[in-house]
Amino acid sequence: MRKYKLAVVGATGAVGREMINMLEKREFPIQSIRFFASKNSVNKKLIYKGKEIKVELLTQYSGKGVDIALFSAGSNVSKQFAKSFVENGCYVIDNSNAWRMDKNVPLIVPEVNAHRLTKETKLIANPNCSTIQMVIVLKPLHDYATIKRVIVSTYQAVSGAGQKGIDELYTQTKEWIQGTKTFSSKTFNYQIAFNLIPQIDVFMDNNYTREEMKMSNETKKILNSNQIEVSATCVRVPIIRSHSESVWIETEHQITSVLAKKILSKTNGVCVMDDPKNQIFPMPIIATEQQMTYVGRIRQDISVKTQNALTLWIVSDNLLK
């Protein structure tokens with residue numbers, strides 16, 4: 001078996017650390033691995049398979065001799081350095097929003113559209129985590145009944161804002177327990193402990209946030225359909241990890257909730273948890289540190305007389321998907 005020379009860019013961040021952990025858990029065939037981050041993290045040591053590896057400073061020459069690079073250091077870093085890795089013959093999988101809507105860069109969810117990749121595809125964009133878990137569930141339903149419209153409300157964990165989001169929730173929770181009346185809010189605009197904030201990323205001219213528009217635009221690109229209309233409301237909630245979504249879909253052809261469950265139960269990467277009588281449904285504590293995308297509360301929309309609309313509840317670990 002061939003072994004690869006890997007690089008993780010943004011290795012000290014919350015997602016970067018999960019990438020390293022997953023490479024080790026999956027026993028990915030690695031000949032060598034290098035960790036890159038900003039100058040603030042240079043010379044920090046991370047553990048891979050029991051060995052300490054120093055974090056290096058990212059430069060335009062870091063891609064030399066690297067076969068595969070996993071980028072999770074933000075769009076500015078990706079725009080500055082990703083193509084220099086590609087020019088050195090490296091495959092780059094980028095986790096930022098830098099290339100997602102570039103018409104020359106495929107936006108890939110392996111369970112959904114891996115067929116769009118070729119050996120010549122060197123730069124690959126990874127979608128927004130909230131989009132990923134939704135399209136994994138929607139793709140088989142779209143193939144069967146053709147989805148026309150999606151309305152989604154998300155309940156997104158603080159880890160979506162990185163390690164600093166996790167730290168802020170911990171800090172504010174401690175402050176609340178200690179009786180503090182004013183909270184230290186640096187990552188989020190408002191107190192996140194025992195609260196929720198109906199804003200993720202900045203507001204656009206249409207009063208949707210950038211996160212909400214990502215879900216709309218990325219869904220259309222991944223499912224290869226500009227006819228699907230998507231309206232999202234994205235909310236930050238005081239949960240460490242695993243995003244939840246309430247999703248309503250309208251389809252061109254009829255599809256029952258019973259059939260939808262059968263289709264999804266046979267879908268790669270999806271776990272159906274739907275037994276209302278026994279109060280079985282997906283929750284963040286179930287999805288955390290799991291690879292699957294969980295779906296439940298699958299039901300016919302009673303406000304629509306025909307069987308052309310469904311409501312679903314989707315949960316997945318945002319740091320892994």
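Let us begin with a pair of helices. H4 and helix H7, the latter spanning residues 257-265, pack with their axes 10 Å apart and at an angle of about 120°. The two helices are therefore oblique to each other, and the crossing of H4 and H7 is right-handed. On the H4 side, the contact is made by Val137, Pro140, Leu141 and Tyr144; on the H7 side, by Leu259, Ala260, Ile263 and Leu264. Please keep in mind throughout that this is a predicted model.

Leu141 deserves a moment of its own. Setting aside neighbours within four places in sequence, Leu141 is in contact with Thr146, Ile147, Ile249, Ile255, Ala260, Ile263, Leu264 and Leu312.

That brings me to the nonpolar cores. The largest nonpolar core has 51 residues, and Leu141 is among those with the most contacts inside it, together with Phe85, Val150, Ile249 and Leu312. Which helix gives the most to this core? The answer is H4, residues 129-145, which supplies eight residues. There is also a second, separate core of 16 residues, which includes Leu6, Val8, Ile33 and Tyr48.

H4 has another partner to consider. The axes of H4 and helix H6, residues 210-222, come within 9 Å and cross at roughly 40°. An angle of that size makes H4 oblique to H6. The crossing of H4 and H6 is right-handed. In this pair, Ser130, Thr131, Met134 and Val135 of H4 meet Glu211, Lys214, Met215, Glu218, Thr219 and Ile222 of H6.

Where is Arg100 placed? It sits in the loop between strand S6, residues 91-94, and helix H3, residues 110-113. Is Arg100 buried or exposed? Its relative accessibility is 5%, and because the cut-off for buried is under 20%, Arg100 counts as buried. The side chain of Arg100 makes a polar contact with the side chain of Glu218, at 3.2 Å.

For Ser242, phi is near 90°, a positive value. Ser242 is placed in the loop between strand S9, residues 229-236, and strand S10, residues 243-251. With a relative accessible area of 1%, Ser242 is buried. For Arg297, phi is near 50°, again a positive value in a residue other than glycine. Arg297 lies in strand S12, residues 293-300. The relative accessibility of Arg297 is 38%, so this residue counts as partly exposed.

Finally, consider Lys119, which is found in the loop between H3 and strand S7, residues 123-125. At 69% relative accessibility, Lys119 counts as exposed. How far apart are the C-alpha atoms of Lys119 and Leu310? They are separated by 38 Å, with the two residues 191 apart along the chain.

Thank you for your attention.

Methods: Residues numbered from 1 in each chain as written. Predicted model: local features only at pLDDT ≥ 70, side-chain atom pairs only at ≥ 80, totals over all residues. Heavy atoms only, no water. Helix = DSSP H or I, 4+ residues; strand = E, 2+ residues; numbered from the N terminus. Buried < 20%, exposed > 50% of the residue type's maximum accessible area, 1.4 Å probe, protein only. Polar contact = N/O pair within 3.5 Å; in protein donor to acceptor, adjacent residues only side chain to side chain. Core = buried A, V, L, I, M, F, W, Y, C linked by side-chain atoms within 4.5 Å. Contact = heavy atoms within 4.5 Å. Axes fitted to C-alpha atoms, helices over the stretch in contact; angles between N-to-C directions. Parallel < 35°, antiparallel > 145°, perpendicular 65-115°, else oblique. Left-handed = near helix turned anticlockwise from the far one by under 90°.
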